[in-house]
Structures are given as C-alpha cells and as structure tokens.
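I opened the notebook today to look up a few side chains and who their partners are. Here is what I was working from.

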Amino acid sequence: AMGGSTLYVETAVKTSKESRLDMTGQLGDVMKESASIAYTFAKSFLAERYPGNKVLDETSVHLHVPEGATPKDGPSAGCTITSALLSLALNKPVLQDVAMTGEISLTGKVLPVGGIKEKTIAAKRDGVKR
C-alpha cells in the first residue's frame with residue numbers, strides 16, 4: 001500500500017474585527033465540522049489559559065487547507081487545526097517537521113482515529129521526523 005497523504009493547514013488573521021472562522025480548500029462537511037470544533041475549543045483554551053489573548057475573539061481568521069481540487073474529509077485533522085489556530089493566536093510557529101492526527105472534542109480531548117499505518121507512511125514519505 002502506498003499509504004495516505006499529508007494535509008497542510010494554514011491560518012492567517014484577516015483585517016476584519018469580527019470574530020469569525022473562514023475556511024477554504026476542498027473541505028468536506030466532516031472536516032468543516034472538525035474545524036468549527038477546533039475553533040471553539042481554541043477560543044475556550046485561550047480564555048482559560050491566556051485570558052489577555054483576544055486574537056480569536058476579536059479577529060476574523062482564515063483557515064486554508066491547500067491541495068487544489070483534491071477533496072478532503074474526515075475528523076482526523078481536528079488536533080492539527082487546533083494547533084494551527086493556537087499557533088496563530090500565540091504567535092508561536094509549529095515545527096515544520098511535525099505531523100499529527102486526531103479528532104478533537106469540544107473539551108479538547110484528542111479522540112482516536114483510524115489509518116495510523118497509512119498516515120505514518122505518508123508522513124515519512126513527506127520527510128516528517130516527529
């Protein structure tokens with residue numbers, strides 16, 4: 001088996017002062033739901049751990065999953081999306097050679113996902129070290 005494929009997640013603050021999450025890329029319904037859950041949890045996490053940080057409360061965030069017209073769906077990107085949002089809000093970049101997978105709950109629990117062998121093969125193929 002060739003294995004799965006890796007997805008890259010990008011975030012950026014937009015100029016709008018409205019608290020909103022805009023998503024682009026060929027995201028399926030389940031992945032949009034995962035992004036919404038990740039956004040809600042990230043805001044909650046910041047409110048609890050970094051009460052002075054209002055980045056996600058006071059700005060519009062653009063979340064993009066590149067890869068052209070390849071449809072992407074499934075809950076496995078939840079923890080990755082959460083990490084991207086927190087990285088943006090805290091201005092701390094995620095290491096570039098890290099891969100992660102896991103569905104996230106509204107309370108921040110990382111839930112198990114399938115296809116770990118395929119995901120590991122894809123990550124190694126793309127040069128991921130951690």
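Before listing partners, I set the rule: contact means heavy atoms within 4.5 Å. I am reading a predicted model, in which local features need pLDDT of at least 70 and side-chain atom pairs count only at pLDDT 80 or more, while totals for chains, interfaces and linings use all residues. Residues are numbered from 1 along each chain as its sequence is written, and side-chain values use heavy atoms, with hydrogens and water left out.

**Entry: Asp97**

I looked up Asp97 and found it in the loop between α3 (78-90) and β4 (103-104). Helices here are DSSP runs of H or I with at least four residues, strands are runs of E with at least two, and both are numbered from the N terminus. Which residues does Asp97 contact, leaving aside its neighbours within four places in sequence? I noted Val128, Lys129 and Arg130. For exposure I used relative accessible area with a 1.4 Å probe and protein chains only: buried is under 20%, exposed is over 50%, and partly exposed is in between. Asp97 counts as buried because its relative accessibility is 19%.

**Entry: salt bridges**

Side chains of opposite charge can pair when their charged atoms come close. My rule for a salt bridge was a side-chain nitrogen of Lys or Arg within 4 Å of a carboxyl oxygen of Asp or Glu. How many did I get by this rule? The count is six.

I followed Arg20, which is partly exposed at 30%. Its side chain meets that of Glu18 at 3.0 Å, N to O, and that of Asp22 at 2.8 Å. Glu18 is partly exposed at 44%, whereas Asp22 is buried at 18%. Through shared partners, salt bridges join Lys14, Glu18, Arg20 and Asp22 into one network.

I also checked Glu48 and Arg49, whose closest N and O atoms are 3.9 Å apart in a salt bridge. Both of these residues are exposed.

**Entry: aromatic rings**

I let rings of Phe, Tyr and Trp (its six-membered ring) pair if their centres lie within 6.5 Å; planes under 30 degrees apart are stacked, over 60 edge-to-face, and the rest tilted. Searching the whole structure gave me two aromatic pairs. Phe41 and Phe45 make a tilted pair, because their planes are at 45°, with centres 5.9 Å apart. Both sit in helix α1 (residues 29-49), four residues apart, about one turn of the helix. Phe45 also pairs with Tyr50, again tilted, at 6.4 Å centre to centre and 45° between the planes. Phe41 is buried at 13%, and Tyr50 is partly exposed at 35%.
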